[in-house]
Amino acid sequence: MSSDDFAIRVQGLSKYYQIYDAPKDRLKQMLVPRLQQMIGKQPKQYFREFKALNDVSFEIKKGETVGIIGRNGSGKSTLLQIICGTLFPTSGSVQTNGQIAALLELGSGFNPEFTGRENVYMNAAVLGLSKEEVDTRFDDIVTFADIGGFIEQPVKTYSSGMMVRLAFSVIAHVDADILVVDEALAVGEAFFTQKCMRFLRGFMKEGTVLFVSHDTGAVANLCNKAILLNHGQVTEIGTPKQVIEHYLTTIYEADQKVDGILTDEANMSDNQVEEYRDMRETFINSSTLRNDIEVFKFKPDQEAFGTGDVQIVSVRLLDQEGVPLSWVVGGEDVILDIRCLANKAIFQPIIGFEFKDRL
């Protein structure tokens, strides 16, 4: 990759925090090690080291849209703050190639005592716009935010949704090359979120986007690459589908809880031969309204994950009379039948399934 091809380059990035069990330990850490060094003793440490990020490295090319996913506490927000320059790393380096506009945690960059108008000018100035440039774009910023007369009120009176509206509106009207968006959009209402997504899709045609979200659907739809963080380290970099599947696998495995063994052996074997009915037979084959969908049979030997304490042994679509279907016609009511075998007593079992549309 040439020197001009990258938008963000992260090399060996680490961020460590000192965790103290009691306030007095902070004072001890300031004084005692120095005294011990003076008398030639080995300095004692009164804190525990927490590694928010540990040797993180990756590169993002210009024009890429990259999603960062991971569980709470995995280091996503810390990474974004270091990339945007609001936090300094313990070690490692970050290089950016272009102007960055960021929407990080809620309310960051806003003075709660200032009005919305004053915060627009202040925030835009931080992002590199002159007063004259803000003057020409101010009406568009207010229209995009759609907060009405509140633009003249102190930001401390705003709801969380209004705060996000104004913050996103500012970064949407800055001539940025790189857009960094944290989970802040999650507090926006549906219509404004759609407006933001339309803007993002337009920006993605030429700009670079770094997108952090727990919404794996949004990551899959928006991003062409994804990064999985776990305990401050990069676990995987790849296509959104590949990384999301790995992410969900780790979540499910970590959250499984078992307690005790069943005394009665469950018999949920589904090996008996069943007769399948073709639902299309009840419709005229020549109909222009047909939307035939083949129902693939469940394969118990497919790749699975987890501890094996619970197994899915059968998945079927049934008609209203409970007869298994091999084909269905769009618009009809069907029953999703999932049968599981629990090898241990499971605390709060959850059976999940996923709908996929044309996107």
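Contact here means heavy atoms within 4.5 Å, and angles run from 0 to 180 degrees between N-to-C directions. The model is predicted.

- Six strands form an open sheet in the order 5-6-7-3-8-9, and their pairing is mixed.
- At its edges are strand 5 (100-103) and strand 9 (233-238), each of which pairs on one side only.
- From one strand to the next, the twist averages 15°.
- Four bridges pair strand 6 (residues 178-181) with strand 7 (residues 208-212) in the parallel sense.
- Val180 has Leu210 of strand 7 as its bridge partner.
- Helix 5 (residues 160-172) lies across strand 5 and strand 6, and runs at about 170° to strand 5.

- Strand 10 and strand 13 (residues 325-329) run parallel and are joined by two bridges.
- Arg277 has Leu325 in strand 13 as its bridge partner.

**The surface patch**
- Tyr17, Ile19 and Phe50 make a nonpolar surface patch of about 240 Å².
- Tyr17 belongs to strand 1 (residues 6-19).
- The relative accessible area of Tyr17 is 31%, so this residue is partly exposed.
- Patches are made of residues with over 30% relative accessible area, and Tyr17 has 31%.

Terms used:
Residues numbered from 1 in each chain as written. Predicted model: local features only at pLDDT ≥ 70, side-chain atom pairs only at ≥ 80, totals over all residues. Heavy atoms only, no water. Patch = residues over 30% accessible without salt bridge, like charges linked within 9 Å, V, L, I, M, F, W, Y side chains within 5 Å. Areas by Shrake-Rupley, 256 points an atom, 1.4 Å probe, with all protein chains shown as cover. Salt bridge = Lys/Arg side-chain N within 4 Å of Asp/Glu carboxyl O. Buried < 20%, exposed > 50% of the residue type's maximum accessible area, 1.4 Å probe, protein only. Pairing = 2+ DSSP bridges.
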